[in-house]
Amino acid sequence: MSALEGIGRGLRRLASGLARTRSVFRRLLSAESDEELEELLLGADVGSRATELLLDKVRGVRPAERGTALEAEIARLLSAGGGAPPAAARPAVILIVGVNGSGKTTTTGKLCYRLRREGKRVVLAAADTYRDAAAEQLAVWAERAGVELVSSRQGQDAAAVAFDAVRRAQSRDDDFVIVDTAGRLHTRTDLMQEADKIKRVLGRVRPGAPEETLLVLDATVGQNGLAQARAFNEQLGLTGLIVAKLDGTARGGVLIAIALELGLPIRYVGTGETLEDLEPFDPAAYARALFEGD
Ligand SMILES: Nc1nc2c(ncn2[C@@H]2O[C@H](COP(=O)(O)OP(=O)(O)OP(=O)(O)O)[C@@H](O)[C@H]2O)c(=O)[nH]1
Ligand SMILES: [Mg+2]
């Protein structure tokens, strides 16, 4: 598959994953008053600040041109969190965090697969040491994606597993270490401290690590995701987000609120349950897919 074909398929997956969200955004095009527009924007989960900014852009714009104006402003707002990837490091360490069931393990598997396809060598760390089945679930993903797994037993120290994985990658001169962690509620101080410890231990084994601390957010929770992201960011210092489960929801507008309110880049979006359903986030392509597609 050529790079262009890959991009074409990625855009189609994004368009089909956003079908439900698109039906919400398309209603904006036929709104008959500013009041109706405002109501629709708030109902589209973009949040009150983005609603104001978008209304400012379309007031007085002819309905035929409204779609273009909205798309351009949404692309701009989606870029508000920045986007530059971190400086290269070897191995580059990516720590994956989030609340229970948000999609961390699935996303980790997809990310491994994507990196493998780019020819990268990856070590996967099973640092969810709470659930017995967690290491097994990750082993299945590691096998599918064709990456090396540093496994764990229930009750083992999660930071020690992450430590071992970086050591393994260093000894093999691999490109990436991806650390899947247990689900934790952002309101539980003890669990957040455990995540912070994993982070500190990673920094000890390879100064500067982790290069990325990514929060996996479940898009179906809509505006509640903002509170989660804020709390994780305050306690762990996130470098970006991955928004999963966009395919199951009409609440894809929440990415606009996230980018605007948190000032963090969205790195990837998840649009399904298979290995291939993860796309690098592109603000312009995302804004277009909110309006255009079958
Ligand atoms: N439709 C859809 N489902 C997804 C996506 N990502 C994850 N899921 C599903 O969400 C459920 C939870 O996924 P996991 O990856 O196990 O979530 P987790 O965050 O690792 O869960 P814990 O480790 O228990 O905290 C599974 O049924 C996944 O198949 C996605 O992008 N789209
Ligand atoms: Mg998991």
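In this predicted model, the largest pocket holds about 570 Å³ of space, where a pocket is an open set of points on a 1 Å grid over the protein atoms alone at which a 1.4 Å probe fits, with protein on both sides within 12 Å along at least five of seven lines, and a volume is the space filled by probe spheres set on the points, joined across faces, edges and corners. Its lining (residues with an atom within 4 Å of a point) comprises 29 residues, among which Pro 85, Pro 86, Glu 212, Arg 267 and Tyr 268 lie nearest the centre. Local features need pLDDT of at least 70 and side-chain atom pairs count only at pLDDT 80 or more, whereas totals for chains, interfaces and linings use all residues. Side-chain values use heavy atoms, with hydrogens and water left out, and residues are numbered from 1 along each chain as its sequence is written, with chains lettered from A and ligands numbered from 1 in the order in which they are written.

The second largest pocket, with about 480 Å³ of space, is lined by 27 residues, and Gly 101, Ser 102, Gly 103, Lys 104 and Thr 106 are the closest to its centre. This pocket is the space taken by ligand 1, a molecule being assigned to a pocket if more than half of its atoms lie within 2 Å of the grid points.
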